[in-house]
Amino acid sequence: MRRAGFGLGGALLMLIGLGFLTVAAWIALAEARDTQFAAMVLGFGYIGLGALVAALGSRRPRYVAPAPGPFGLSTGGLGAAFAQGFGAGAATRTAMRR
């Protein structure tokens, strides 16, 4: 809960900072050229940034197959569970023989 609260607070502060940076960029661009130029530059900048974030968010993660372990078994998943169960059974059998 605490980490989520700090994360939300940090995101809110960054959003406020982005607002101030936008106003500062508006003032600088409006003084350099005119207000229409400032509006176009900031608008296209935010549209480009939004498109980039949307494109990165829609990418699917690549599946990387686990590397084969000893005897051709995979190092994770069903092969690891089988190997763990086999080892537990062998240990139990050894303990019962004593």
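Here is a short walk through this predicted model, from its overall layout to a few of its side chains.

Let us begin with the fold. The protein chain has three helices and zero strands, and going along from the N terminus the elements read α-α-α. How much of the chain is buried? Of the 98 residues in the protein chain, buried ones make up 4%. The accessible surface of the chain comes to about 8700 Å², and carbon and sulfur atoms account for 71% of that area.

A nonpolar surface patch of about 1100 Å² is formed by Leu-12, Leu-13, Leu-15, Ile-16, Leu-18, Phe-20, Tyr-46, Leu-49, Leu-52, Val-53 and Leu-56. Two elements, α1 (2–32) and α2 (35–57), each give two or more residues to this patch. Which of the elements gives the most? That is α1, with six residues.

Leu-13 is a handy member of the patch to zoom in on. You will find Leu-13 in helix α1. Is Leu-13 buried or exposed? Its relative accessibility is 62%, and residues over 50% are classed as exposed, so Leu-13 counts as exposed.

Finally, turn to the aromatic rings. The structure holds one aromatic pair. There is also a contact between a charge and a ring: the charged end of Arg-33 sits over the ring of Phe-37, at 4.4 Å from the centre of that ring.

Key
Residues are numbered from 1 along each chain as its sequence is written. This is a predicted model: local features need pLDDT of at least 70, side-chain atom pairs count only at pLDDT 80 or more; totals for chains, interfaces and linings use all residues. Side-chain values use heavy atoms; hydrogens and water are left out. Patches are made of residues with over 30% relative accessible area and no salt bridge: like charges are joined within 9 Å, nonpolar side chains (Val, Leu, Ile, Met, Phe, Trp, Tyr) within 5 Å. Accessible areas come from the Shrake-Rupley method with a 1.4 Å probe; for residues, only the protein chains shown count as cover. A salt bridge is a side-chain nitrogen of Lys or Arg within 4 Å of a carboxyl oxygen of Asp or Glu. Helices (H or I, at least four residues) and strands (E, at least two) are DSSP runs, numbered from the N terminus. Buried means under 20% relative accessible area, exposed over 50%, partly exposed in between (1.4 Å probe, protein chains only). Rings of Phe, Tyr and Trp (its six-membered ring) pair if their centres lie within 6.5 Å; planes under 30 degrees apart count as stacked, over 60 as edge-to-face and the rest as tilted. A charge sits over a ring if NZ of Lys or CZ of Arg is within 6 Å of the ring centre and within 35 degrees of the ring normal.
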